[in-house]
Amino acid sequence: MKPNDPYYICPVCGCNKLEDPPYYEHFAGSNEICPCCGFEFGVDDFDCVEIDMKQLSDEEIIKQAHEIYRQNWINHQFRLFDPSMFRESEKTGKRLNVDVALKQLQSINCRT
Ligand SMILES: [Zn+2]
């Protein structure tokens, strides 16, 4: 990614390295995988087994899937899907540094 390219923020982890908007019209996922939390938009949301899909709108399904996935990511100590996308100062091994992770989560208004 070039510095001047537009980027998009992952609604799951707050990482700002997405090359496409995570969703298009009518909640159609981009199929991009977040390099940070590994969420695949349009796949991991509608395939999330913990959600009872029948009662919910697409918007509600996506929202719940994001929350579940975010919690998993936090529980796994901010494991990175693609560590090569992150600077050495941002990560420790294959995990995002806690201060970076917390800043990301704050940027999408998530308390931890
Ligand atoms: Zn993410």
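Colleague: Which residues is Val12 in contact with, leaving aside its neighbours within four places in sequence?

Modeller: Val12 is in contact with Cys34, Cys37, Phe39, His66, Tyr69, Arg70 and Trp73. Contact here means that the two C-beta atoms, placed from the backbone, lie within 7 Å. Keep in mind that this is a predicted model: local features need pLDDT of at least 70, side-chain atom pairs count only at pLDDT 80 or more, and totals for chains, interfaces and linings use all residues. Residues are numbered from 1 along each chain as its sequence is written.

Colleague: Thanks! Which residues touch the most other members of the largest nonpolar core?

Modeller: Val12 again, together with Cys10, Cys13, Cys34, Cys36, Cys37 and Phe39, in a core of 19 residues. A nonpolar core is a set of buried Ala, Val, Leu, Ile, Met, Phe, Trp, Tyr and Cys residues joined through C-beta atoms within 7 Å. Buried means 20 or more other C-beta atoms within 10 Å of the residue's own, exposed means 12 or fewer, and partly exposed is in between, with C-beta atoms placed from the backbone.

Colleague: And which elements give two or more residues to this core?

Modeller: Those are helix H1 (58-75) and helix H2 (98-107). H1 provides the largest share, four residues. Helices (H or I, at least four residues) and strands (E, at least two) are DSSP runs, numbered from the N terminus.

Colleague: Let's stay with H1. Which of its residues are buried?

Modeller: In H1, the buried ones are Ile62, Ala65, His66, Tyr69, Arg70 and Trp73. Seen down the axis of H1, they fall within an arc of 135°, so they line one face of the helix. That arc is taken over the directions from the helix axis to the C-beta atoms. On the other side of H1, Glu60 and Asn75 are exposed.

Colleague: What span should H1 have, at 1.5 Å a residue?

Modeller: The 18 residues of H1 should span 26 Å, and its end C-alpha atoms are 26 Å apart, which agrees. The expected span is 1.5 Å times one less than the number of residues.

Colleague: New topic: where is Cys48, and what does it touch?

Modeller: Cys48 sits in the segment before H1. Not counting residues up to four places away in sequence, Cys48 touches Ala65 and Ile68. Cys48 and Ala65 are 17 residues apart in sequence, with their C-alpha atoms 6.3 Å apart in space. Cys48 counts as partly exposed because it has 16 C-beta neighbours inside 10 Å.

Colleague: What is phi for Asn31?

Modeller: Asn31 has a positive phi, near 65°, and is a residue other than glycine. Asn31 lies in the segment before H1 and counts as exposed, with 11 C-beta neighbours inside 10 Å.

Colleague: And where does Gln77 lie?

Modeller: Gln77 is in the loop between H1 and strand E1 (91-92). Its phi is positive, about 55°, although Gln77 is not a glycine. Gln77 is exposed, with 12 other C-beta atoms within 10 Å.

Colleague: Last one: in what order do the elements of the protein chain run?

Modeller: From the N terminus on, they run α-β-β-α. The radius of gyration of the chain is 14 Å, close to the 13 Å that the globule rule gives for 112 residues, so the chain is as compact as a globular protein of that length. That radius is taken over C-alpha atoms, and the rule is 2.2 Å times the number of residues to the power 0.38.
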